[in-house]
Amino acid sequence: MEEQPKTEAAPAAEQPKPAQRGGGTAAWLKALVVLYALALVAAGIAIGKADIARKNRKDMDISELSSIGKKKKPAVGVVEIYGAISQGASSRSWERGSGQIAKRIQALSEDKDVKAILLDINSPGGSVGSVQEIYSEIKRAKAATKKPFVARFGEVSASGGYYVASACDLIVAQPGTITGSIGVIFSVSNFDGLMKKVGVKNEAIKSGKFKDIGSPTREMTADERKLLQGLIDDSYEQFVAAVAEGRRMPVEKVKPLADGRIYSGRQARELGLVDRMGDLQDALDAAGELAGIGHNPRVVRESAPFDQLMSLVDSKLQPFGPASMAQKIEAAPSLEYRWYGN
Amino acid sequence: MDPLKTLTALIDRPESLSGADRPEGLGRTGMLGYAVGTLSLFAFMRMQSAVPPGVFSFLAVLLFVLAANFFFAGIIHLFMDLTGVQGSASRLFLAFGCSDLLLALLLPLGLLARGGLLNAFVGLCLGFLLVICARVALVRRLYPVSKNKALLSVWLPYFGLSAVFFSAFIYGLAWSIWLLM
């Protein structure tokens with residue numbers, strides 16, 4: 001009987017202990033919440049200050065970063081124009097179209113360390129618009145900066161490749177370089193016979209008689225031929241005028257050379273289409289001389305190793321992608337300053 | 001239930017975590033823990049100008065934290081299940097959320113780092129070390145395992161991910177060499 005209250009009293013005595021402990025935990029948790037709120041306010045102020053400091057800081061130029069520790073020396077900028085020249089619809093930076101080449105020329109012309117620009121051309125030409133895009137950028141850069149431009153021909157620099165080079169102050173070619181091919185071409189295949197054989201017929205509903213000009217599904221009409229010839233003649237006149245202006249030759253002297261024929265580098269020199277014979281180093285030396293920085297100048301090339309790696313990966317993976325096939329199938333006829341001999 | 005009360009209950013009676021019934025308010029407290037932890041981490045990184053500002057930036061970090069913890073809790077539970085230990089994966093995920101409340105410490109550490117009194121990386125490591133220690137303790141509460149096994153299970157997803165990234169890096173390196181050859 002005496003022990004009964006004792007056993008009931010024991011838990012009763014212990015009861016307040018966890019309650020007190022819980023109360024204590026809750027109290028310091030609340031204190032932590034208050035401290036956290038204060039820290040959050042302080043962090044907000046610190047973030048605000050960091051953002052203001054960041055905004056006020058001058059944007060650092062990546063090119064400045066990459067040149068840290070390097071001795072600044074006058075240089076010759078090299079722009080590579082390899083392969084057929086086209087506008088390029090790809091968003092991939094390593095697939096260089098005429099727009100990207102023009103941008104590169106602009107960047108080099110604005111670079112204070114670059115005293116001359118060398119165009120390393122190995123191209124059979126390309127579409128009229130894209131060739132003229134590069135040409136006009138060279139003219140603009142020359143007018144704005146007075147920097148000398150030198151063109152260097154390697155294996156081939158024909159048609160549009162030569163059009164681009166004609167804007168330069170000096171053209172250096174190998175004796176065996178294939179050049180010339182001054183002219184315009186518009187070619188279209190005619191699948192009419194094949195389609196008749198396999199029983200396929202194409203119907204075109206058009207708003208005007210020339211709307212499907214260049215269609216590969218039928219024979220070209222005389223009117224269409226006349227219209228296209230006019231278009232080609234106009235582009236041809238532009239090409240001849242560009243060569244005459246660039247080479248400082250009368251148009252009458254250029255026209256006989258501009259019948260579409262190709263020349264070797266040596267023949268082109270004799271005809272006044274090329275200034276001197278030489279390799280890449282000779283061209284660099286010539287650019288250095290023109291810029292007044294002497295022989296064997298420092299060379300500024302495109303240093304984009306990531307782009308080069310991606311280009312390599314892309315070229316390896318291309319056979320797996322449908323893009324290359326689609327590009328071939330969807331290729332539409334276009335007006336070109338291009339030599340198809342290679 | 002008030003998350004403060006749930007936290008108080010968890011701190012005072014941690015054995016309730018492995019009880020037959022899920023502690024009341026654990027879900028809400030766990031998610032609040034993730035939100036507070038992420039906010040602290042985000043503020044810490046903003047102080048170091050390591051992440052862009054904005055609500056979407058914060059939400060992206062929150063989403064990443066939730067996804068990573070969901071994955072980590074799943075891996076740990078799978079490891080426990082494979083080694084014959086019973087427990088609850090959902091409670092583990094929510095308990096991890098509670099442990100993320102410790103990342104609140106990153107705020108004062110970030111302020112110290114801004115003041116140049118502490119290296120920011122050391123501060124970040126300190127915060128994460130604290131969370132790892134808390135998680136080991138929580139795993140031991142949820143699964144009847146030794147301290148070493150709890151430690152191994154908490155580190156396991158990190159080791160696994162490191163192994164995956166290392167293998168991918170080595171393969172990428174070999175592939176690049178093959179491309180160049």
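Predicted model: local features only at pLDDT ≥ 70, side-chain atom pairs only at ≥ 80, totals over all residues.
Let me start with helix H8 of chain A, residues 222-247, which has 26 residues and reaches 37 Å from its first C-alpha to its last, close to the 38 Å expected at 1.5 Å a residue.

After H8(A) comes A:Arg248, which has a positive phi, near 55°.

Let me now turn to the two chains together. Here 20 residues of chain B are in contact with 22 residues of chain A, and the two chains bury about 1900 Å² between them, with 75% of that area on carbon and sulfur atoms. Between chain B and chain A the count is one salt bridge, formed by A:Asp51 and B:Arg46, whose closest N and O atoms are 2.4 Å apart. The count of residue pairs in polar contact between these chains, both residues being at pLDDT 80 or more, is four.

Which elements of chain B give two or more residues to the side that touches chain A? They are helix H1 (3-12), helix H2 (26-47), helix H5 (106-114) and helix H7 (147-180) of chain B, and the largest share, six residues, comes from H2(B). The residues on that side of chain B divide into 14 nonpolar, three polar and three charged.

Note on methods: Residues numbered from 1 in each chain as written. Chains lettered and ligands numbered in written order. Heavy atoms only, no water. Contact = heavy atoms within 4.5 Å. Buried area = accessible area lost by both parts, 1.4 Å probe. Salt bridge = Lys/Arg side-chain N within 4 Å of Asp/Glu carboxyl O. Polar contact = N/O pair within 3.5 Å; in protein donor to acceptor, adjacent residues only side chain to side chain. Helix = DSSP H or I, 4+ residues; strand = E, 2+ residues; numbered from the N terminus. Nonpolar A, V, L, I, M, F, W, Y, C, P; charged D, E, K, R; others polar. Expected span 1.5 Å × (residues − 1).
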